[in-house]
Amino acid sequence: MTLEPYPNDDDLQQLVAARAILATASGAPGPDGFDLDALASVVYAYGWAYRIDRATGVVGYRVELQTQRGIARQPVVSAVGWEPEVALTFALAQALTQRGGQSLAARGGSKEAVTAE
């Protein structure tokens with residue numbers, strides 16, 4: 001993100017790229033696109049949890065993905081976006097890229113369960 005008007009063209013291009021990563025890893029978006037419900041179902045399908053906060057010092061929101069193992073939740077990734085859905089999209093794309101883009105089908109999960117929500 002830059003100091004230009006927010007979101008700028010680079011931010012929007014990054015969003016398109018992040019959505020492409022999500023579509024590849026989790027299947028087609030839900031009927032309303034990658035809205036918060038569809039994104040949350042992808043998070044849970046991969047066994048993660050998420051937290052959304054207003055970003056301090058930045059216009060927008062910060063999302064942190066966490067593992068759901070045990071009592072202490074370990075952060076997986078965090079990202080910032082101008083809307084909660086955008087921040088969650090960026091965080092999911094980053095986490096999926098770190099995992100090598102492994103799809104839900106390859107993990108034995110169901111793409112239908114993710115997109116049917």
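**Reading helices, a strand and a core**

Colleague: At the start of H1, which backbone nitrogen does a side-chain oxygen of Asn-8 reach?

Modeller: That of Asp-10: the oxygen of Asn-8 comes to within 2.9 Å of it. For a polar contact, the N or O atoms have to lie within 3.5 Å. Keep in mind that this is a predicted model.

Colleague: What span should H1 have, at 1.5 Å a residue?

Modeller: Take 1.5 Å times one less than the number of residues. H1 has 18 residues, 9-26, and so should span 26 Å; the C-alpha atoms at its ends are 26 Å apart, which agrees.

Colleague: Which residues of H1 are buried?

Modeller: Buried means under 20% relative accessible area. In H1 that picks out Asp-11, Leu-15, Ala-18, Leu-22, Ala-25 and Ser-26. They cover an arc of only 95° around the axis, which places them on the same side of H1.

Colleague: And which exposed residues does the face turned away from the buried side of H1 carry?

Modeller: Asp-9, Gln-13, Val-16 and Thr-24 are the exposed residues there.

Colleague: What follows H1?

Modeller: Gly-27, with a positive phi near 95°. You can look for a glycine after H3 as well: Gly-100 sits just after that helix, and its phi is positive, about 85°.

Colleague: Let's zoom out. How do the elements run from the N terminus on?

Modeller: The order is α-α-β-β-β-α-α, which comes to four helices and three strands. Of the 117 residues in the chain, 38% count as buried. Then check how far the contacts reach along the sequence: among those between residues at least 6 apart, 46% join residues at least 24 apart. As for the surface, the chain exposes about 6500 Å², and 51% of that comes from carbon and sulfur atoms.

Colleague: How many residues has the largest nonpolar core?

Modeller: Think of a core as buried nonpolar residues joined through side-chain atoms within 4.5 Å. The largest one here has 24 residues, and Trp-48, Leu-65, Leu-88, Phe-90 and Leu-92 have the most contacts inside it. Two or more residues come from each of H1, helix H2 (36-45), strand S2 (61-67), strand S3 (75-81) and helix H3 (84-98). H3 gives the most, with nine.

Colleague: What is Trp-48 in contact with, leaving aside neighbours within four places in sequence?

Modeller: Its list includes Leu-65 and Leu-92, plus Val-43, Val-76, Ala-95 and Leu-96.

Colleague: What does Ser-78 touch, not counting residues up to four places away in sequence?

Modeller: Val-63, Glu-64 and Gln-94. Compare sequence and space as well: Ser-78 and Arg-62 are 16 residues apart in sequence, with their C-alpha atoms 6.9 Å apart.

Key
Residues numbered from 1 in each chain as written. Predicted model: local features only at pLDDT ≥ 70, side-chain atom pairs only at ≥ 80, totals over all residues. Heavy atoms only, no water. Buried < 20%, exposed > 50% of the residue type's maximum accessible area, 1.4 Å probe, protein only. Arc of directions from axis to C-beta. Polar contact = N/O pair within 3.5 Å; in protein donor to acceptor, adjacent residues only side chain to side chain. Contact = heavy atoms within 4.5 Å. Areas by Shrake-Rupley, 256 points an atom, 1.4 Å probe, with all protein chains shown as cover.
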